[in-house]
Amino acid sequence: MRQDFVDIFPIVRATGNFFLKLRALKIIGCLCFAVAFIWPMGENGYGQSFLHSKENKKNFNIAAQPLSAALLIFGEQANLSLLVRKKDTENKTSIMLHGYMYPRDALSLLLKNTKLGFDYIDAKTISVSEDLYKEPPPNHSTSPNPAEIVEEKEEDINSLGAFSAIDEVVVTSLRRHSNMQKVPVAVSVIKPPLIREARIHGLEDVGTRVPGMTVASFSIGQPTIHVRGVGSNDDGAALDNSIVMFIDDVYVGRITAISMNFYDLEQIEIIRGPQGTLYGKNAIGGAINVTSKNPSEQFSGSLESTVGNMNRLDVRSMISGPIVKDKILGRLAFHSRKRDGWQKNIFLPDIKQNDENTWSARGKLLALVSDSLQIDINGDYSHDNLESTGRIPVIGRVPVRLLRPDGMPNGQSALPTDIFNNLGGNVRNAINSDQGFTDRTIWGLSSRVSMEEDYGKILFITAYRKTDFSWLEDSTGLPSSVTDQKVNSNVNEKQDQFSQELRWISPDEERLKYVVGLYYLFEHTHRIENFIFPKLRSSTDQNNKTNSFAIFGEATYALTEKLNFTLGSRLTYENKKMDQQNITNGDRTILLENFSLQNKGSWTDFSPNLVLSWQQNNDAMWYGSITRGYKSGGFQGAPATLDLAQRTIDPESVWNFELGYKSQWFDDHLRLNLVGFHSNYRDLQVVQFKTEGNFGVFQTSNAASASLKGMEIEFIVKAYNGLEFSGSYAYLDAVYDKFNDLSGRDFTGNILRQAPRHSLYFALYYERPFYAGRLRFRADYRYQGKSFREPDNDVTIQPAFDLVDASLAYESSDNRWEAAFWAKNLFNKEYISHLYVLGGNDYALFGTPRTYGLTVTFNF
């Protein structure tokens, strides 16, 4: 269907030299490599044996319903991707389908009397369209012979046309299985093919691929996640996250447990902006919704091994299938990732820092009690055991005291950067003399009881999670034999949580659709933070208990066939009680006073949500929303004085105004989604490390107000059959409208931390049949602009960086095995992944240099 493009947003002016900094030669190099690789192959490169993919019979249970919905269910049950134009399914219904059969036979039955035909593009993808329909001959069986279909495909392979449509993406962000293009919310989805091909293992890999999202980690257990310039930096036991993660609908409470391993997943959804009317736990800045794969009805499994540079050895395995036929299904997955560190140490020659050493397991049981009752039991476990992360001094402003060989001051001083350079340090050779570590264990159990009848679906979710986190790091990265004005940070944190959620979801077919729920969370966090100096040690101990209660709901009413109005709200009550004490042991550097006290606080909030969406036509939707977001109050982490410890950090709130446009063009060969937003924050919670002498003190306070506005674009282009371009761009303007900190310093007009003005992601993907299988090539370009790490924009400025990743994979025609060559940070870019200030000097963690390897996967 032809569409006329109109101006949707004003053109952003004054983008500076941004596009000149995109390293265009790198992109051109990747494109030239891809074109050079695919050009010589011609028609003869297509392997006809690819059409004869082996199929396994599967159980199908699909009710009579609109054809578009039936095809979504078919794709899930057959584990296949369907390419279908929306206009081809309009006003068409499917028959009821129930039985054990080959997927092609099941699809033939579903498409009966619809004038639609289908063809396999590859082993996992089917194209459905009117162009592929053939009138059946007289007495043709309704369940055709698969061999006949293959023969038909071979005869008509050249009549399929040069283009394939964009895959439909199903999301659960609105607590229903919905087409991503039909939900009025800014959401990005990362599916298993991208997770596998781009080697996405954790949040750092996600952050640079989602518009407006940044992730930086002070350590593996203390990531700072920001979306549209909003995030949490105070890791105290009594403060909440601005960006919230859910694993299979279960809220993950602490930042020490939020950085998880991504494997055996159905998808990752990142919802930008305030969330709360559909989620058990509210999220003021956005939500990360991770969904693991369900057990399969047929026995299946996989085994994957990866070898690479730095002695990398990764292993993944999965087994799935019925335990009791038609009653109980099970799935078990295991993942281990290990490699040597890429950073040597001049003072610790036997240690290689910045390594990987993690393993995890996930299990799921699904009990089909009856046609209307289903019970899921989920369990996961992971353990990390890592070396130091090697801090590097990058900006020197305040000199530190130097020592004689006997450990006494020699009366001289030097900048940390000068000490680092004089000792022969560089990014690959650190000079810290104290060995650090990270030791973390996370596990959780959850159950989902789902009952579905004519009134809709009732869902009970019960979960328990526990984290044990221990960490030590030399924060200045300087040797103890050279200076005594240095500090090691040590954290020991134990956290456990229990949550219960009750959700009622109305039937999909009604004009009025609604979701209502009740939520309860108990969270216990005991965090001990030690500041270890060469001769003294000070300690802060926080033991917090949180109880959170909420009633939430959202209803959507179809005003007309194309116009929907949504109204939602959330009522939250939280109370926190924390025992805390400081023990300075005579040190008066970061912790200035001894004290012991108990803090108590409670907060109540009501947050509404209004959305108006208009389905302009089958290929375009407009929506506008007004949403209030909220984050609970609490008490700051590591307070230096009794006065700071007694202060209550007020809740922060936001009104977010959003206008979005989702569209598909040229018969679903171009997807273009745009969103503009303006957010007004009140009492934004801001943590600072205020410099005092060679160290400083932590201060958390509420900024009076802040304004955030910006634009985000996401696109996919199916340029040719097998060739795809995709990417995103985000523009962000995030400033403090009014902010005077506890010391009276005025930061009004400054840019918020971790809020780059520009970020860009671009990907090229190409696949084609090749001999007896399929060849895939992928190249990713990621750019993140300059950002600030403190409210004071004159210091601690993280430079912009860009990265290129690539992979080349071969997959057998029967999908039984695959071999992939891959490289991350292909051009070996040296870049800063995290930056912080300590004692007036800037210290950095650098990103991982080039890694590469071979991954071989076997499926059965």
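I searched the whole structure for salt bridges and got 51. I counted a salt bridge where a side-chain nitrogen of Lys or Arg is within 4 Å of a carboxyl oxygen of Asp or Glu. This is a predicted model, so I took local features only at pLDDT of at least 70 and side-chain atom pairs only at pLDDT 80 or more, while totals for chains, interfaces and linings use all residues. Residues are numbered from 1 along each chain as its sequence is written, and side-chain values use heavy atoms, with hydrogens and water left out.

**Salt bridges**

I looked up R440 and D384. Their side chains meet in a salt bridge, 3.0 Å from N to O. R440 is in strand β26 (residues 437-453) and D384 in strand β21, so I note a link between distant parts of the chain, 56 residues apart. Strands here are DSSP runs of E with at least two residues, numbered from the N terminus. Are these two residues buried or exposed? R440 counts as buried at 2% relative accessibility, and D384 counts as buried at 2%. Buried means under 20% relative accessible area, exposed over 50%, and partly exposed in between, with a 1.4 Å probe and protein chains only.

Next I took K494 and D468. This salt bridge has 2.7 Å from N to O. K494 lies in strand β28 (residues 488-505) and D468 in strand β27 (residues 456-474), so the pair ties together parts 26 residues apart in sequence. K494 is partly exposed at 46%. D468 is partly exposed at 32%.

Then I checked R753 with E790. Their closest N and O atoms are 3.5 Å apart. R753 sits in the loop between β37 (723-738) and β38 (758-770), and E790 in the loop between β40 (787-788) and β41 (797-798), so the bridge ties together parts 37 residues apart in sequence. Both R753 and E790 are buried. I also found a network built from salt bridges that share partners; among its members are R196, E197, R209, E767 and D805.

**Aromatic rings**

How many aromatic pairs are there? I count 24. Rings of Phe, Tyr and Trp (its six-membered ring) pair if their centres lie within 6.5 Å; planes under 30 degrees apart count as stacked, over 60 as edge-to-face and the rest as tilted. F246 and Y251 have ring centres 6.3 Å apart and planes at 55°, so I log the pair as tilted. F246 is buried at 1%, and Y251 is buried at 3%.

W359 and Y381 are also tilted, with centres 5.3 Å apart and planes at 40°. W359 lies in strand β20 (residues 356-368) and Y381 in strand β21 (residues 373-387), so this pair ties together parts 22 residues apart in sequence. W359 is partly exposed at 36%, and Y381 is partly exposed at 32%. Ring pairs also link F770, Y771, Y810 and W817 into a cluster.

**Charges over rings**

I looked for NZ of Lys or CZ of Arg within 6 Å of a ring centre and within 35 degrees of the ring normal. The charged end of K281 sits over the ring of Y251, 5.5 Å from its centre. The charged end of R199 sits over the ring of W822, 4.3 Å from its centre.

**A sheet**

I traced an open sheet of five strands with mixed pairing, in the order β8-β14-β15-β12-β13. Two strands pair if DSSP finds at least two bridges between them. Strands β8 (187-190) and β13 (250-252) stand at the edges with a single partner strand each, so one side of each has no neighbour in the sheet. Strand β12 (residues 243-247) runs antiparallel to β13, joined by three bridges. I247 stands opposite V250 in β13.

Notes
Helices (H or I, at least four residues) and strands (E, at least two) are DSSP runs, numbered from the N terminus.
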